[in-house]
Amino acid sequence: MTKRIFTSLDELRAAVGESIGPGPWLTIDQTRIDAFAEATGDDQWIHVDPQRAANGPYGATIAHGYLTLSSIPLLGRDIYALDFGTARINYGSNTVRFPSAVRSGTRIRATATIADLRVEQSRAQLTVRWTIDNEGQAKPACVAETLTVVVL
């Protein structure tokens with residue numbers, strides 16, 4: 001897959017409705033899960049206790065849903081880039097769902113769909129729909145619609 005580089009608002013506007021990706025796989029290992037638990041204080045056993053989790057509902061520890069969501073910038077950087085404007089600001093999310101759990105040691109990858117672009121004065125608001133595939137699962141790990149402000 002070739003990374004898509006947008007060099008202008010016009011190029012981005014023309015891509016509304018276009019799906020880009022999927023990008024490369026990323027392994028979600030226990031080290032990453034533990035680091036996220038440490039950073040957020042979410043140290044529930046289902047995430048950080050492999051022995052107890054082996055007897056739990058997933059047969060292993062699972063990644064935090066928000067770890068999967070927060071992987072979007074990492075997964076997305078190989079999918080597309082905005083090569084215009086002076087800054088990009090995370091403005092939030094419209095929707096986020098976690099249809100399937102990510103077991104420790106499995107891989108995820110993302111596909112982005114440019115959903116909307118609104119331009120007002122010196123800013124643009126970009127809406128991207130993300131689907132994060134969960135290797136070996138019929139359902140995705142995460143579906144989310146994110147908002148980014150591009151300062152022009």
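Predicted model: local features only at pLDDT ≥ 70, side-chain atom pairs only at ≥ 80, totals over all residues.
View 1. Residues are numbered from 1 along each chain as its sequence is written, and side-chain values use heavy atoms, with hydrogens and water left out. T68 sits in helix α5, residues 65-70; helices (H or I, at least four residues) and strands (E, at least two) are DSSP runs, numbered from the N terminus. What does T68 touch, leaving aside its neighbours within four places in sequence? The contacts are A63, V102, I108, I132, A141 and C142, where contact means heavy atoms within 4.5 Å.

View 2. A search of the whole structure turns up three aromatic pairs; rings of Phe, Tyr and Trp (its six-membered ring) pair if their centres lie within 6.5 Å, with planes under 30 degrees apart counted as stacked, over 60 as edge-to-face and the rest as tilted. The rings of F6 and Y80 have centres 6.2 Å apart and planes at 70 degrees, so this pair is edge-to-face. The partners come from distant parts of the chain: F6 belongs to strand β1 (residues 4-6) and Y80 to strand β4 (residues 80-82), 74 residues apart. Both F6 and Y80 are buried. Together with W130, they make up one aromatic cluster.

**View 3. Y66 and F98, a pair linking helix α5 to a loop.** Y66 and F98 also form an edge-to-face aromatic pair, at 6.0 Å centre to centre and 85 degrees between the planes. Again the pair links distant parts of the chain, with Y66 in helix α5 and F98 in the loop between β5 (87-97) and β6, 32 residues apart. Are these two side chains buried or exposed? Y66 is exposed, with a relative accessible area of 56%, while F98 is partly exposed at 35%.

**View 4. The β6-β7 hairpin and its turn residue Q121.** Strands β6 and β7 form a hairpin with two residues between them. They run antiparallel and pair over 12 bridges; two strands count as paired if DSSP finds at least two bridges between them. Look for E120, whose bridge partner in β7 is R123. Q121 lies in the loop between β6 (106-120) and β7 (123-134), and has a positive phi of about 50 degrees although it is not a glycine. Q121 is exposed, with a relative accessible area of 82%.

**View 5. β7 meets β8.** Strand β7 also pairs with β8 (residues 142-151), again in the antiparallel sense, over 10 bridges. R123 has V151 as its bridge partner in β8.

**View 6. A cis peptide bond at P22.** G21 and P22 are joined by a cis peptide bond, with omega at about 5 degrees. P22 is in the loop between β2 (19-20) and β3 (26-28).

Terms used
Buried < 20%, exposed > 50% of the residue type's maximum accessible area, 1.4 Å probe, protein only.
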